[in-house]
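Reader: Please take a close look at a single part of this model. I would like the cut-offs spelled out along the way.

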Amino acid sequence: MNLSIVIPLLNEEESLPELHAWILRVMDTMDIEYEIIFIDDGSTDSSWDVLNALSRKHATTHTIKFLSNYGKSQALHAGFHKAQGDVVITMDADLQDSPDEIPELYRMIAHQNHDLVSGWKKKRYDSVIAKNLPSKLFNWAARKTSGVQLKSFNCTP
């Protein structure tokens, strides 16, 4: 297996069909074996029903369900544990991460010998006060304390 795409989610029933179709379109352009792993982190909407329908129709789509909300880190951990790919790409389920980036991310890891490639959201759509400012402060502190110069330490792609 060449690639595993790991996607944690919470209450994303509306975006899941579009995200899945978009990923499939992108993957059709790549000549590699892949799997898509969705981890439902205790959704209270119909996300799980949507995921079950997608996984029944597509053999490359797998699902994990948490009975409660344990958080993104635990969902990613479960996805990593299940992943079979030589390369693992993570992304959010809210359509803010573009599946169009998958081929380049994969190429950088598989063919340029990078150990890690990290993306970041150039344009954010969430609340400036509730999300953007705390994120900027966290990233600044993480760069200062770790010495690692990433734009975003909490970006899944």
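Reader: How many aromatic pairs does the structure hold? Describe the surroundings too, and then the nonpolar core.

Author: This is a predicted model, in which local features need pLDDT of at least 70 and side-chain atom pairs count only at pLDDT 80 or more, while totals for chains, interfaces and linings use all residues. Residues are numbered from 1 along each chain as its sequence is written, and side-chain values use heavy atoms, with hydrogens and water left out.

The structure holds one aromatic pair. Its members are Phe66 and Tyr70, with 5.6 Å centre to centre and 75 degrees between the planes, an edge-to-face arrangement. Rings of Phe, Tyr and Trp (its six-membered ring) count as a pair if their centres lie within 6.5 Å; planes under 30 degrees apart are stacked, over 60 edge-to-face, and the rest tilted. Phe66 is buried at a relative accessible area of 13%, whereas Tyr70 is exposed at 54%. Buried here means under 20% relative accessible area, exposed over 50%, and partly exposed in between (1.4 Å probe, protein chains only).

Strand E3 covers 61-66 and is an edge strand, as is E4; each pairs on one side only. Helices (H or I, at least four residues) and strands (E, at least two) are DSSP runs numbered from the N terminus. The open sheet has four strands in the order E3-E2-E1-E4, with parallel pairing; two strands pair if DSSP finds at least two bridges between them. Six bridges join E2 to E3, and Asp40 has Lys65 of E3 as its bridge partner. H2 lies across E1, E2 and E3, at about 155 degrees to E3. Axes are lines fitted to C-alpha atoms, for helices over the stretch in contact, and angles run from 0 to 180 degrees between N-to-C directions.

As for the core, the largest nonpolar one has 27 residues, and Ile102 is among those with the most contacts inside it. A nonpolar core is a set of buried Ala, Val, Leu, Ile, Met, Phe, Trp, Tyr and Cys residues joined through side-chain atoms within 4.5 Å. The largest share, seven residues, comes from H1. Leaving aside neighbours within four places in sequence, Ile102 is in contact (heavy atoms within 4.5 Å) with residues including Leu3, Ile23 and Ile89. In H4 the buried residues are Ile102, Leu105 and Tyr106. They lie on the same side of H4 because they cover an arc of only 95 degrees around the axis, taken from the directions from the helix axis to the C-beta atoms. These buried residues pack against E1, H1 and E4.
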